Amino acid sequence: MRVAVIGGGPGGLYAAALLKRLDPAREVTLWERNAPDDTFGFGVVLSDETLGGIEHADPVVYSALQRDFVRWDDIDIVHRGVRHRSSGHGFAALGRRRLLEILHERCRSLGVEIRFRTEAPDAARLSVTHDLVIAADGVHSTTREAHATVFRPHVTTHRCRYIWLAADFPFDAFRFEIAETEHGVMQLHGYPYAADASTVIVEMREEVWRAAGFAEMDEQQSVEHCAKIFADALGGRPLRSNKSAWTTFRTVVNDRWSHGNVVLLGDAAHTAHFSIGSGTKLAVEDALALAACLTEQPTLTEALTAYEAERRPVVASTQRAAQASLAWFEDLALYLDQPPRRFAFNLLTRSRRVTHDNLRLRDARFTEAVERDFGCPPGTPPMFTPFRLRGLTLRNRVVVSPMDMYSAKDGVPGDFHLVHLGSRALGGAGLVMTEMVCVSEEGRITPGCTGLWTGRQTEAWRRITDFVHTRAPGTAIGVQLGHAGRKGSTRLMWEGIDEPLPDGNWPLVAASPLPYGPRSQIPRELSRAQLTDIREQFAAAARRAARAGFDLLELHCAHGYLLSGFLSPLTNLRADAYGGSPAKRLRFPLEVFDAVRAVWPEGKPMTVRISATDWAEGGNTAEDAVEIARAFAAHGADAIDVSTGQVVAEERPEYGRSYQTPFADRIRNAAGIPVIAVGAISSWDDVNSLILAGRTDLCALARPHLYDPHWTLHAAAEQGYEGPGAVWPAPYRAGSRRPQTGRTDAPRPRLTLRS
C-alpha cells in the first residue's frame with residue numbers, strides 16, 4: 001500500500017508512524033510545507049485516555065512522551081482578586097516543538113519519508129498514484145475546500161479574538177484569570193508545558209479587542225500590552241510570541257470525512273475550541289482509530305467507513321462540550337457578578353463534562369464550600385433546596401415538565417390523568433405541571449387534548465388537584481394554558497404527529513395565514529374582534545383554573561402554538577399593530593398575559609414558556625429571547641420556562657445533553673429573571689450542576705418522569721438524602737432505600753497472615 005499524508009502536524013505524523021509500524025511494507029510519504037523546527041503555538045495537553053491509546057499502539061512514542069511530560073492536578077480561577085483552587089483534575093502537557101521532534105524521530109526510525117519545506121501535490125493527483133491519501137492539513141485544509149461538494153463542510157466563525165503566547169516560567173496550576181478593563185472583560189488561559197515555560201492564551205470579545213486598540217498594534221505591541229494587563233498573573237514577567245497573531249476560532253464540521261481513497265483527519269475534519277484542550281488530542285485519537293480500522297477491515301472502503309463511524313460520535317460529543325465552553329467564555333460578562341466561588345464552579349462545569357458529582361469526587365472540599373455559599377444545609381444536594389415564587393415555596397428544584405398525553409375526551413381529564421399526574425406528585429417533584437390545557441374547543445391540538453372551557457372540565461381538574469394536595473402534601477401542581485393556533489386539528493401523536501385529521505377537522509386561526517407543514521390546513525388570520533374573544537377565553541380559563549385549585553399558572557407562548565406564532569417573525573407577517581417590530585409582535589401575548597394575571601389570584605405565581613430560538617434563519621434568536629423575557633417580567637411574570645423551537649417545520653435544532661440550558665442561562669444572567677431550564681436534562685447530577693452554577697433556578701424533566709414516576713425520590717435515595725426536600729409518602733417509606741441485589745464482588749479475606 002502506498003500512503004500519502006498531507007500535513008506534518010501531530011495527527012499526520014502519528015498516522016504515518018502507526019501505519020508504517022503496523023505494516024513495514026507500506027510506502028508512507030508525508031509532505032510538510034514548513035521546516036522541521038517551525039511550529040506555531042507552544043504547549044500541547046493530552047488526556048490520560050489518549051496517552052493510554054498511544055501506550056498501547058506505540059510504546060516507543062509513549063516512553064519518549066513520558067520523559068518530557070509536565071503533570072499537574074490543580075486549576076486556579078482568579079476573579080476580582082480572589083483565587084480559588086480546585087484539585088484532582090489531572091493534566092499532562094509538553095511543548096509542541098518537542099512533540100513534533102519525537103514524532104519526526106519515530107517516523108524516520110520506521111522508514112517514513114518526510115518531505116519538509118515542500119507543498120504537497122493536490123489530493124486528487126495523489127489519489128491516482130497512492131492507495132490512501134490522508135488529509136491532515138489543518139483547519140484551513142485545502143483538500144477539504146477542493147472537494148467541498150463531497151465533504152460538505154460547515155465552518156462557523158465565533159465572536160472572540162485570541163492569541164497564543166508563552167511565558168518563561170511554569171504556572172503551578174492550570175490558570176484562568178479574568179481582567180475587567182475599561183474596554184471590557186478579557187481572560188487568560190495558562191498552563192505549564194515544561195519545567196521553565198507556560199502557554200498563555202489571551203482571549204476577548206471582538207468588540208473588546210477593537211476598543212482596546214489591538215487591531216492597530218503589531219505583534220510585539222500586542223505581546224507587551226497583554227503582559228501589562230495580566231501582570232499579576234505573570235508576576236510582572238514578560239510574554240513572548242512565535243509568529244503569534246490574533247485570530248478567531250472556527251468550528252469545522254463535515255458531513256463526510258472521506259471521498260474515494262482520500263480521508264480527512266484532525267482539524268481538517270473537525271475542530272474543538274482550545275478551552276477544553278482537544279485539538280491535538282482529537283487528531284491523535286483519529287490517527288489511532290484510522291490505523292486500527294485499516295488493520296481490522298478487509299477493504300479500504302470498509303476501513304474508512306468504520307473509521308468515520310467510530311470517530312464521529314466521539315467528535316460530536318467533544319464538539320458539543322467545546323461549543324458550550326466556547327459560548328461560556330464568549331458570554332463571560334454575564335457571570336462577573338456571581339460570588340467568586342460560584343463563579344469558579346460555573347467555570348469548571350461550563351462544558352458539562354465536569355459535573356457537581358464528578359467535581360465532588362475530584363475535590364470534595366471545594367465542592368462543599370460552593371454548596372455552603374449557595375445555602376445548602378449540610379448533606380443537602382442543591383436540587384433539594386427550596387425555591388420561592390411569589391407566595392408559593394417549592395420544596396425542591398425539580399419540575400415535572402408539561403407533557404401532552406392526548407388522552408382526554410371532550411377536553412375532560414379522566415382516570416388516566418389522575419394516575420399520571422398523581423403518581424408524579426407522589427414521586428417527590430417540587431412542582432408537577434399539567435399538559436397544555438386548551439382554552440377553547442377550537443384551540444385544541446388534537447381531539448385528545450384537555451381543556452378548561454367548561455365547568456365539567458373544571459371539576460375533573462379539581463379531583464386531580466385535591467388528590468395531589470391531600471396525598472402528596474408539599475408538592476405543588478401547576479396548569480399550563482394554551483391555544484394550538486395553526487398547529488391544531490391534528491392526529492394523536494402516536495398516529496402521526498402534526499398530521500391533519502383524516503376527517504372531522506375544525507377551522508384554524510393564527511397570527512398570519514401560514515400553514516405549519518405541507519399537508520397542514522391554512523389558518524385564518526385573526527381579526528381584532530377574534531383577538532379580543534381569544535383573550536377573554538384565556539381569562540375565563542384562568543378563572544376556572546383558580547377554582548380547580550391549581551397552585552401556579554403557566555402561559556404557553558412556545559412551540560409554534562398561537563401566542564408563540566405572534567412572537568416569531570417567521571410566523572407573524574401582520575401589517576397591523578400586532579405585527580412587524582418585536583414590540584408589536586409582543587403586543588397580543590402581553591395582552592393575554594395581563595388579562596390572565598388580572599384574574600389569577602395575586603399570591604399565586606405565573607410563569608411563561610417561550611421558545612428561546614426558532615432554530616431557523618430569520619427567526620427569533622437567544623438575544624431576542626432575553627428581550628421577550630424582560631417584557632413578560634415587566635408585566636409580572638414570576639419566571640420564564642425556557643424551551644426552544646417547534647415554531648416552524650424547517651427548523652434545524654442542535655440537539656444534545658441539556659441543549660436548551662444555555663438559553664435559560666442567558667435569560668437568567670442577562671435579565672435577572674428566575675428561569676426554568678428544560679430539554680434533555682436527564683440526571684440528578686445535571687440538575688445539581690445547573691442549579692449550583694447559577695444557570696437556572698428550576699429544572700423541568702419530561703421523559704425521565706415517563707421512565708420513572710418516582711425519579712425525584714429515587715434521586716434522593718441515590719444521593720443518600722432524607723431531608724424535607726424529598727419526603728416519601730407514608731405508604732412508600734419502606735421502599736426509600738435501593739432494593740438489595742446479588743453480590744457482584746468477590747468476598748474479601750477476613751485475615752491477612754504473614755509468614
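Colleague: Leaving aside its neighbours within four places in sequence, which residues is Phe 632 in contact with?

Modeller: Contact here means heavy atoms within 4.5 Å. With the neighbours within four places in sequence left out, Phe 632 is in contact with Cys 557, Leu 586, Pro 589, Leu 590, Phe 593, Val 608, Ile 610, Ala 637 and Ile 640. Before we go on: this is a predicted model, where local features need pLDDT of at least 70, side-chain atom pairs count only at pLDDT 80 or more, and totals for chains, interfaces and linings use all residues. Residues are numbered from 1 along each chain as its sequence is written, and side-chain values use heavy atoms, with hydrogens and water left out.

Colleague: Which residues have the most contacts inside the largest nonpolar core?

Modeller: Those are Leu 481 and Phe 632, in a core of 84 residues. A nonpolar core is a set of buried Ala, Val, Leu, Ile, Met, Phe, Trp, Tyr and Cys residues joined through side-chain atoms within 4.5 Å. Another core lies apart from it, with 64 residues, including Ile 6, Val 44, Leu 132 and Val 284. As background, nonpolar side chains tend to be buried together in soluble globular proteins.

Colleague: Why is Thr 607 called buried?

Modeller: Buried means under 20% relative accessible area, exposed means over 50%, and partly exposed is in between (1.4 Å probe, protein chains only). Thr 607 comes out at 0%, so it counts as buried. You'll find Thr 607 in strand S25, residues 606–611; helices (H or I, at least four residues) and strands (E, at least two) are DSSP runs, numbered from the N terminus. Beyond four places in sequence, Thr 607 is in contact with Leu 552, Leu 553, Glu 554, Leu 555, Ala 639 and Ile 676.

Colleague: And what makes Gln 297 buried, exposed or partly exposed?

Modeller: Gln 297 has a relative accessible area of 27%, so it is partly exposed. Gln 297 is in the loop between helix H11 (279–296) and helix H12 (300–330). Not counting residues up to four places away, Gln 297 touches Glu 302, Ala 303 and Ala 306.

Colleague: How do you know that Ile 77 is buried, and where does it sit?

Modeller: Its relative accessible area is 2%, so Ile 77 is buried. Ile 77 belongs to strand S5, residues 75–79.

Colleague: How do you know that the span of helix H19 agrees with its length?

Modeller: The expected span is 1.5 Å times one less than the number of residues. For the 21 residues of H19 (residues 528–548) that gives 30 Å, and the end C-alpha atoms are 30 Å apart, so it agrees. The buried residues of H19 include Leu 531, Ile 534, Phe 538 and Arg 544. Among the elements that the buried residues of H19 pack against are helix H17 (455–471), strand S21 (476–482) and helix H21 (582–599). Just after H19, Gly 549 takes a positive phi of about 95°.

Colleague: Why is the pair of Tyr 406 and Trp 494 given its label?

Modeller: Rings of Phe, Tyr and Trp (its six-membered ring) pair if their centres lie within 6.5 Å; planes under 30 degrees apart count as stacked, over 60 as edge-to-face, and the rest as tilted. That rule gives 25 aromatic pairs. For Tyr 406 and Trp 494 the centres are 6.3 Å apart and the planes are at 70°, so the pair is edge-to-face. The partners are 88 residues apart: Tyr 406 is in the loop between strand S19 (398–400) and helix H16 (415–426), and Trp 494 is in helix H18 (residues 493–496). Tyr 406, at 11% relative accessibility, counts as buried, whereas Trp 494 is exposed at 55%.

Colleague: What sits over the ring of Tyr 516?

Modeller: The charged end of Lys 487 does, 4.6 Å from the ring centre. The rule asks for NZ of Lys or CZ of Arg within 6 Å of the ring centre and within 35 degrees of the ring normal. Arg 587 likewise has its charged end over the ring of Tyr 578, 4.8 Å from the centre.

Colleague: What makes the chain as compact as a globular protein of its length?

Modeller: There are 26 helices and 28 strands in the chain. The radius of gyration is 29 Å, close to the 27 Å from the globule rule for 755 residues, so the chain is as compact as a globular protein of that length. The radius is taken over C-alpha atoms, and the rule is 2.2 Å times the number of residues to the power 0.38.
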